[in-house]
Amino acid sequence: METINLNIEKALGKGAKEQLLSAAPKAEDAIKTLHKGNGKGNDFLGWLHLPSSISETELSDIEAAAKQLKDRCEIVVAIGIGGSYLGAKAVLEALSNTFIQMQTKQSAPLVLFAGQNIGEDYLYELQHILQNRQFGLINISKSGTTTEPALAFRLLKKQLEDQVGKNEAKNRIIAITDASKGALRKLADKEGYKTFIIPDNVGGRFSVLTPVGLLPIAVAGYDIRQLVKGAVAMENKCGENVPFTENPAAVYAATRNILYKAGKKIEILVNFNPKLHFFAEWWKQLYGESEGKDHLGIYPASVDFTTDLHSMGQWIQDGERTIFETVLSVKKMKYKVEIPADEENLDGLNFLAGKRVDEVNKMAELGTQIAHVDGGVPNLKIEIPEITEYYLGQLIYFFEKACGISGYILGVNPFDQPGVEAYKKNMFALLGKPGYEAETKAIKAKL
Ligand SMILES: O=P(O)(O)OC[C@H]1O[C@](O)(CO)[C@@H](O)[C@@H]1O
């Protein structure tokens with residue numbers, strides 16, 4: 001099996017080797033701190049050895065629960081937001097047929113998502129689609145108190161109970177939450193739902209390799225063992241005793257911090273494969289919530305190329321020089337589409353006849369890299385042999401490990417997210433939640 005490969009040749013320019021080597025000690029310290037568990041946020045390091053510590057019993061339990069839903073449901077709605085949503089969404093978007101919702105024959109339930117927004121029309125349309133369908137729910141919330149998923153669950157639980165009765169609904173609802181705390185734990189225990197636990201020491205954005213991500217992925221029919229296997233391979237490749245230059249997570253973390261110090265405040269995660277769109281959304285939460293604090297942190301952005309070359313391409317080529325790119329480059333496509341010759345050649349495309357579509361895409365990728373580097377945009381490249389469970393598992397762990405290292409190099413606590421509370425406090429105050437009387441008064445005075 002191959003491994004994903006990080007290429008930083010086009011990232012640092014002249015003196016790259018020296019720059020990288022002078023950044024090595026900080027990265028090595030960060031790795032030591034992570035592995036000793038004596039740094040900031042050290043009660044949230046459960047992800048570090050998570051892949052290699054998942055047991056056969058845990059995997060079988062997840063697969064059995066997935067089967068229970070598969071046997072009963074044509075649609076399963078995974079309810080959650082942030083880290084309780086994006087990991088599963090990223091993997092499913094990457095692996096699924098892009099037009100899965102149009103397919104009439106499904107070998108596994110269609111996994112839809114809810115609780116990741118408060119869109120009334122979204123929820124109305126989802127409820128409408130679920131009418132008279134055999135559906136089930138996976139309700140995911142680590143805290144068990146997040147408003148968005150709680151609201152979606154209240155609506156969908158009622159609908160399910162109305163459609164199949166309370167007893168059968170219990171066979172179709174699985175809760176993934178804390179072992180003892182939170183409203184969801186209370187509710188699940190009271191109703192007698194099957195539950196999975198999100199370990200205390202694994203933060204939401206690092207939880208894709210727990211049941212949070214694994215259960216929806218297994219329900220959709222994908223091989224969670226391969227996903228975990230890939231993550232284990234990367235856990236070894238980025239291990240504590242791997243020398244700096246051979247540890248891709250350390251090199252990535254060090255490189256992005258060198259660039260940040262040089263004024264590159266925005267990192268754009270680029271894909272040339274639309275299936276990776278949501279992988280970038282997952283990555284944005286991982287890096288945004290981990291590093292964006294104490295008025296520090298690279299702003300994680302993303303684009304889908306070549307689509308966005310026709311919208312954001314101008315800015316990237318010519319705008320303020322505060323950006324760098326990290327390109328997710330997929331080597332091998334799953335399918336083959338050849339461009340046909342055309343006798344009339346009215347579109348002038350006969351020079352491409354006989355080539356595969358991916359050959360055109362690869363030249364677009366190379367051409368873009370050269371143009372952007374020429375335009376002053378440092379370029380990192382992560383080569384992914386192909387989009388499979390195994391390589392996605394590698395990619396997930398690679399980014400998680402690099403995120404921990406990068407956060408420590410930056411000097412922040414990469415494992416908390418205090419800033420997210422501000423909007424919640426205001427929303428509750430505005431909605432008049434009991435207990436928020438003083439905040440309600442204060443916020444109303446601002447209106
Ligand atoms: O799983 P929970 O507790 O519902 O949280 C969902 C998301 O909300 C946040 O806590 C932010 O409010 C994220 O860190 C997390 O991934």
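In the predicted model, at least two residues of the lining of the second largest pocket come from each of helix H6 (147-164), helix H12 (277-291) and helix H16 (421-431), helices being DSSP runs of H or I with at least four residues, numbered from the N terminus. A pocket is an open set of points on a 1 Å grid over the protein atoms alone, where a 1.4 Å probe fits, with protein on both sides within 12 Å along at least five of seven lines, and lining residues have an atom within 4 Å of a point. The model is predicted, and local features need pLDDT of at least 70, side-chain atom pairs count only at pLDDT 80 or more, and totals for chains, interfaces and linings use all residues. Residues are numbered from 1 along each chain as its sequence is written, and side-chain values use heavy atoms, with hydrogens and water left out.

The second largest pocket holds about 1100 Å³ of space, the volume being that filled by probe spheres set on the grid points, which are joined across faces, edges and corners. Its lining comprises 39 residues, of which Gln285, Glu289, Gln417, Val420 and Lys424 are the closest to its centre.

Oxygen atoms of the ligand lie 2.6 Å from a polar side-chain atom of serine 141, 2.7 Å from a polar backbone atom of lysine 142 and 2.6 Å from an N or O atom in the side chain of lysine 424, polar contacts being pairs of N or O atoms within 3.5 Å.

Key. A polar contact is a pair of N or O atoms within 3.5 Å; within protein, one must be able to donate a hydrogen and the other to accept it, and residues adjacent in sequence count only if both atoms are side-chain atoms.
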